[in-house]
Amino acid sequence: MNTFGNQITSTLKIGLFGIGLNTYWDQFEGLEQRLSGYVDEVAGKLAGFGAGVVNLGLIDTPQKALEAGSRFRREDVDLIFLYVTTYALSSTVLPVVKRAKVPVVILNLTPGAAIDYASFNQMKNRTAMTGEWLAYCSACPVPEIANVFKRATIPFYQITGMLHNDPHVWQQVEEWIAAAKVAHIMYHNTLGVMGNYYGGMLDIYSDLTLQCATFGGHIEIMEVDELSGLRGTVQAVEVQDKIKEFHERFDVQPDCPDAELERAAITAVALDQLVAKYNLGSMAYYHKGTGNAVNEDTMSSVILGNSLLTAAGIPVAGEYEIKNAQAMKIMDSFGAGGSFTEYYAMDFNDDVVLMGHDGPCHPAIAEGKIKVKPLQVYHGKVGNGLSVEMSVSHGPVTMLSVVETAGGKIIFLVAEAESVPGPILEIGNTNSRYKFTIGARAFVETWNSHGPAHHCAVGKGHIASKVKKLGDLLGVEIVKVC
């Protein structure tokens, strides 16, 4: 939840159920209680990742499975974890998942690394031996469940490992929950689009219906005139408060005219009002303002305000790049940031690609304090005013492009890289130096071969595995370049 109270109308809910075979309970003393305890352990772990958990315990008959599916549906769960505790019939699984109609992750977890063979084989009671074996028998029914899911065309995902002392398992669980949270955010997001496309940039034109069909959410189409009108209502005290915020958040350079700071502050306050009115969670914008001095004044003074919005969890993409606003929102929702980026130049001496963009930046992922500089011209655009200069924090980064294909689909194009120190272009724009494991030349050629638009989003950390899980949840193919 950001400072504007935007977007998430309900918390993420995770469904959990374990499976077992009711025939076993009378045969093997204590087995049902032991396995139920394991399910409760998993529920506690899931709750620790910040989601609401609907734990239905052990489902051990088809009748209970029918009830569980309806319960998950009533509870509106976003994702189901199926904990396979021992052998169980697939008829205790299919009704649950088919009715709930949400993605399912199979937890194939044994209590420990291995059965203690010596102690096990010294047990005198063979019935007790069988009960102990069944407590370690989680792998047994997974092929049966997978077969049924495949034949029922139900997508499923697996985590195989140990209930105890297995960090890999809980890292994977955490990533699935993180991806589900992002899918939840995108589903409830309102994307504002203001103005019009930059004429002639054919690659950035988007299918808005496809975007809504893939991610959910709502796209609010807004007029620049409305933002210009809001500027006329801004009070002097609001302007001074915003200028103070500029100085607190940015390194305002001495050559920035007071009049330009005031102009940017007025627009920033108006942007806050626009975001609050439409409950925006992200935005894409562009408008020349040619022939209308009021709109030109508005659109040439948005950069600082849009940068503050981006820092507040409302990423803003320039040039009406709707696909990239989506990519930025995804990266930001993963907690990685998501800065508006394109190729700037290649440095073959250092084997890096310089990337950045004019317009808004993401202050939360900057290397040092962001500089505000006056520009006499916005290259390729109308007007002049204040701009921001920053590099993405040095260290691991991930690049994401939301790509619309010739086949009318969306794919995620992803690359992991390093933001490295070195000289940048001090031109009042965001720009960074990125190094790739496959080298700059191979990265550029491979990335381009998949036909993305010329913009992408860059965020901190290597999170391609999380983006892959988000793609799985949304039914979106992911292509990882490096």
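Predicted model: local features only at pLDDT ≥ 70, side-chain atom pairs only at ≥ 80, totals over all residues.

Reader: Great. Which residues of helix α9 are buried?

Author: Helix α9 covers residues 208-215, and its buried residues are L210, Q211, T214 and F215. Looking down the axis of α9, these buried residues fall within an arc of 105°, so they line one face of the helix.

Reader: And which residues are exposed on the other side of α9?

Author: Those are T209 and A213.

Reader: What do the buried residues of α9 pack against?

Author: Their partners are the helices α8 (167-188), α15 (322-333) and α17 (464-474), along with the strands β7 (218-222), β15 (395-404) and β16 (410-420).

Reader: Let's look at α15, then. At what angle do α9 and α15 pack?

Author: The angle is about 20°, and the axes lie 11 Å apart. Angles under 35 degrees count as roughly parallel, so α9 is roughly parallel to α15. The crossing of the two helices is right-handed. From α9, the contact involves L208, Q211 and F215, while α15 brings in I322, K323, Q326 and I330.

Reader: Nice. Switching to the ends: what does the side chain of D207 reach at the start of α9?

Author: One of the side-chain oxygens of D207 comes to within 3.0 Å of the backbone nitrogen of T209.

Reader: And which residue takes a positive phi just after α9?

Author: That is G216, with a phi of about 80°.

Conventions: Residues numbered from 1 in each chain as written. Heavy atoms only, no water. Buried < 20%, exposed > 50% of the residue type's maximum accessible area, 1.4 Å probe, protein only. Helix = DSSP H or I, 4+ residues; strand = E, 2+ residues; numbered from the N terminus. Arc of directions from axis to C-beta. Contact = heavy atoms within 4.5 Å. Polar contact = N/O pair within 3.5 Å; in protein donor to acceptor, adjacent residues only side chain to side chain. Axes fitted to C-alpha atoms, helices over the stretch in contact; angles between N-to-C directions. Parallel < 35°, antiparallel > 145°, perpendicular 65-115°, else oblique. Left-handed = near helix turned anticlockwise from the far one by under 90°.
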